[in-house]
Amino acid sequence: MALGVSLWNNNKNKMSTGLAFSGGGISAAIGAACAWNAIVDIYNHSIGSMYTESLNLTISTVSGGSIGYGLWVNANKRIEFPKYKKNVTWEELVERNVPKSSTAKAPHFPGYGKNISGQVLRWCDSENDGMISVGEFTDKIHSLTFAKLFSWTEKGCDNEGKSHWWTSYIQRIFNIICVDNILGGDIPWTSSFAFIDGKTPLHVKNPRWGALEPSSAERLHHVLSDMSSGSNYIVPFDHRPKPSVLEALSYTSAFWAVLLVTGNAISYKLFGNLLLRANSSLFFNPTEKTASNEKLILDGGVIDTTGLIGLLQHQKENIILFYNNNVPLSQIQSPIAYLFGVDTATDSMNGLLGPSLSQVFPSVLYPEVIANLTNPKVGIAHLRGIHVLPNRIMGVEPYIIGSFVVFSNAKNDNFVLEDEMTSSQLSPSWPDRYMFAPPRLDANVLCMFSDWKVRNYREELDPILGR
C-alpha cells in the first residue's frame, strides 16, 4: 500500500493542539457542531489566539464530523445549537420554534436570499427570520433526502446538472440554511477521505464482520484534504489541484460507496456508475505512475472513523477526540480498538484495514481506555505521555502526546434531564444507534449532550484549551 496522501503542508513546530471529530452519520454531525459550539462559547478568550504559540489549534474531521463542523462554520447564526439545561422541557425542545424577531432581518451571508431552482426547503425563503433548531434542521434533512436524493438531473443547485449526485445532495443540505458557497473558515481544518483504483471491487475476509484481504488493503489509500479558507499554515503543494470545500465534504461523507466496492462483481458493475470519481492528478504528482488515471472515492471512515490520523501525522502535542459514531461501542469497537492493534469484529463502514495496519498506540493501553469509554459513570478516557507508534501506511511517525482525551458516544449516567416527558420520549436509539438522522427531540437532546460533555469535563479540558 502506498503512503497516505496529504493535500496540506505541515508545520510541526507551530501546531500543538488538535481537535478530532469522528464520523458517524447525522448524529456525528450534530455531535461535532454542538461540541465545537460549546468550546467556542467557553473558551472564547482563547479562540482569538488560536494561531499563537500558546494554542495553535487544528481541526481534523471525517465523514459526519466534517459535515457538522462545516455547518457550524457556515451557519452564521442560522442554526441554534441547544446548550445543556437540566430543567429543559419537552415543549421547549419539540413544540416551539427558536424565538425570532418580527422586524429584524436575517444576517447576510453568501447565498442568503438567492433563488435556487427547486429549493423549497430553504429556511430563509420562508417567513422565518430567526434561527432553526438542530432538531428542526434534521427534520428538513429527512425531507430533503426522500424528496431529492436521486434527483441529480435537476438543474440549479448542481451547476446546471454537471455535479455528481452526491455532491449535489451535500450542497442541498447547506442550502437548507441558505448557504450556497460553502467556506472552510480560517482555523486550520483537515478532512479525510479514501480512494481506490477503479478496476475491481475490494474483498473482505468476512462479508459481514471482517477487514479487507491483504490484496485489497494494498489498493486502499488515505487522503487528508485542506479545508480552511484563510490559514497561512495549510497550503496545497506540488501544484496538485485542491478540491473545493463542497467536493471534499462529498468525498469524506460518501459512506454508501463502500457497500458497492466491497459487494459482489455484479452489483459493482450494475451500480458502479453511482460512485464518486476523481482524476489521479489530485493525489499524485504528474510524473508519478499510477495503476489508473481514475480513482474511486470512499468515505474516510473506512480507514479511520475517529478522524485522529490527520492529527497524528502532524504530531499534535495535545489531542481531544470526540467519538460520535452512530454505532454503540458495545457492538463495534474496531474504530478505536484497531488504533491500539487489538483485533475485534468490524463492518464495511469502520476500519477496513484491520488492527495490524491501523495500529498507532501500544496495545497494553486499550483495556483501560475501552473500560472508561463504556462505563456509563465515566464516558471519557484521558491518557498522558502516550507513545505514538510508527505506521508507514498511515503516514505516522513516532512521538509522544502530552494529553490525549477521548469522549465516548455512549450514554452517561451523569447527564440528567429533570423533565420526565423529555426523558421518556427519547427513542431507544438515543444517543448512539441511528441508521439515519435522529428525530427532532433526539437531535436537540443529542446536541445538549455534546454541549454537556464539554462543560462537565472542564477539569480535563482547561489545561489544554483554557490557556
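A nonpolar core is a set of buried Ala, Val, Leu, Ile, Met, Phe, Trp, Tyr and Cys residues joined through side-chain atoms within 4.5 Å; buried means under 20% relative accessible area, exposed over 50% and partly exposed in between, with a 1.4 Å probe and protein chains only. The model is predicted, with local features requiring pLDDT of at least 70 and side-chain atom pairs pLDDT 80 or more, while totals for chains, interfaces and linings use all residues. Residues are numbered from 1 along each chain as its sequence is written, and side-chain values use heavy atoms, without hydrogens or water.

**The core.** Select Trp36, Leu220, Leu312, Phe361 and Phe404, the residues with the most contacts inside the largest nonpolar core, which has 132 residues. Helix 1 (residues 25–42) contributes the largest share of this core, 12 residues. Helices (H or I, at least four residues) and strands (E, at least two) are DSSP runs numbered from the N terminus.

**Helix 1 and helix 16.** Next, display helix 1 with helix 16 (residues 440–456); their axes are 8 Å apart and the packing angle is about 45 degrees. Axes are lines fitted to C-alpha atoms, for helices over the stretch in contact, and angles run from 0 to 180 degrees between N-to-C directions. The two helices are therefore oblique to each other (under 35 degrees is roughly parallel, over 145 roughly antiparallel, 65 to 115 roughly perpendicular, and the rest oblique). Residues in the contact (heavy atoms within 4.5 Å) include Ile30, Cys34 and Ala38 of helix 1 and Leu446, Cys447 and Val454 of helix 16. By class, this contact has 10 nonpolar, three polar and three charged residues (Ala, Val, Leu, Ile, Met, Phe, Trp, Tyr, Cys and Pro are nonpolar; Asp, Glu, Lys and Arg charged; the others, Gly among them, polar).

**Helix 3 and helix 6.** Move to helix 3 (residues 64–75) and helix 6 (residues 165–175), whose axes come within 11 Å and cross at roughly 40 degrees. Ile67, Gly70, Leu71 and Asn74 of helix 3 meet Ile170, Ile173 and Phe174 of helix 6.

**Backbone details.** Follow the chain to Cys178, in the loop between helix 6 and strand 6 (189–197). Cys178 has a positive phi of about 70 degrees although it is not a glycine, and its relative accessibility is 0%. Then select Gln315, between helix 11 (309–313) and strand 10 (318–322), where phi is positive at about 50 degrees. Finish at Pro431, in the loop between helix 15 (420–425) and helix 16; the peptide bond from Trp430 to Pro431 is cis.
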